[in-house]
Amino acid sequence: MLKSRNLVQPEDFSIKEIDEILDLAQQIMANPSKYSEVCKGKLLATLFYEPSTRTRLSFESAMKRLGGNVVGFSEPGSSSVSKGESLADTIRTVSGYVDIIAMRHPIAGSASEAIKYAEVPFINAGDGGNQHPTQTLTDLLTIKTLTGRLDNHVIGLCGDLKYGRTVHSLVKAMNRYNDSKFVFIAPEQLRMPGYVKQHLKNHVYYETASLEDAIPTLDLLYMTRIQKERFADLEEYELLKDCYILDADKMSKAPENMLVMHPLPRVNEIATEVDNDKRAVYFQQAKFGMYVRMALIMKLLGVDVEE
């Protein structure tokens, strides 16, 4: 069992600890009723300073399915943040009310700042364009469950690789497994940042602007949304927003067993016609997110199933 602590970035857990969380998530998936009361009497705070559907609702669903309860806010305007309360004061105050905190914030580095004041386990649910570790756990569970392994994959990441916190976290996580190979598919303006690539000294990667050229070589294709909210220049966003659209024609060039993943929400980057392709697993991926967050909450709270 992990001791109660924080999750700010995937590297906060060892590979052994991540495997424990993924194994527990698979056990919960196989027998959810067995875990329905393990967090009875526990309280999760969801502090969302930025809009979210899947992450917030999957956290709340996870805690309720474990028998616990949830408090929090889904936008800062409904909290004392609107009155000028600092992040430090919010975290100190909320720590006195709950057993565990999940926070999403638009500023990169806010999670690292928050843990200075948290007195209960803290989970980063996304901090700006920086990290999104629970999405990474979701992605790892998806890959492990549907392919049977986390090593020896060729992973294509397509779209907004500059601002996409999900791809930053996933690359860092998959870099820890043997024989991972990466293909970064992005226009010049949205290339993978150097600070992410510097982690890949022992792994092969290459960069291209062409999805059509890359897709025949991939085991996994991770599509991402061009994120309007990250652009200071809206003209640049309009220029780039539809630069990649995965459709049936492109899928016809992909390997038969390639999986298509996406952290959602999507806009235009995956045509709805792809939804019926057996290789499209992004809605399964979203469901896996609830189970992996159930496992994470259990581990951070140090609770277990009574045999």
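These legends accompany close-up views of a predicted model.

View 1. Four strands make up an open sheet, arranged E2-E1-E3-E4 with parallel pairing. At the edges sit strand E2 (69–73) and E4, each of which pairs on one side only. From one strand to the next, the twist averages 15 degrees.

**View 2. Where E3 meets E4.** Here you can follow the parallel strands E3 and E4, which are joined by four bridges.

View 3. Helix H2, spanning residues 54–65, lies across E1, E2, E3 and E4. Relative to E1, helix H2 runs at about 175 degrees.

**View 4. The buried face of helix H3.** In this helix (residues 87–95), look for the buried residues Leu87, Ala88, Thr90, Ile91, Val94 and Ser95. Viewed down the axis of H3, the buried residues fall within an arc of 165 degrees, so they line one face of the helix. As a handy reminder, an α-helix has 3.6 residues a turn, so residues three or four places apart point the same way. The cover over the buried residues of H3 includes strand E1 (43–48), strand E3 (100–105), helix H4 (110–114) and strand E4 (122–127).

**View 5. Proline 187 in its loop.** Proline 187 belongs to the loop between strand E6 (181–185) and helix H7 (194–197). Its relative accessibility is 12%, and because buried means under 20%, proline 187 counts as buried. Arginine 104 lies 83 residues away along the chain, and the C-alpha atoms of proline 187 and arginine 104 are 28 Å apart.

How values were computed
Residues numbered from 1 in each chain as written. Predicted model: local features only at pLDDT ≥ 70, side-chain atom pairs only at ≥ 80, totals over all residues. Heavy atoms only, no water. Helix = DSSP H or I, 4+ residues; strand = E, 2+ residues; numbered from the N terminus. Buried < 20%, exposed > 50% of the residue type's maximum accessible area, 1.4 Å probe, protein only. Arc of directions from axis to C-beta. Contact = heavy atoms within 4.5 Å. Pairing = 2+ DSSP bridges. Axes fitted to C-alpha atoms, helices over the stretch in contact; angles between N-to-C directions.
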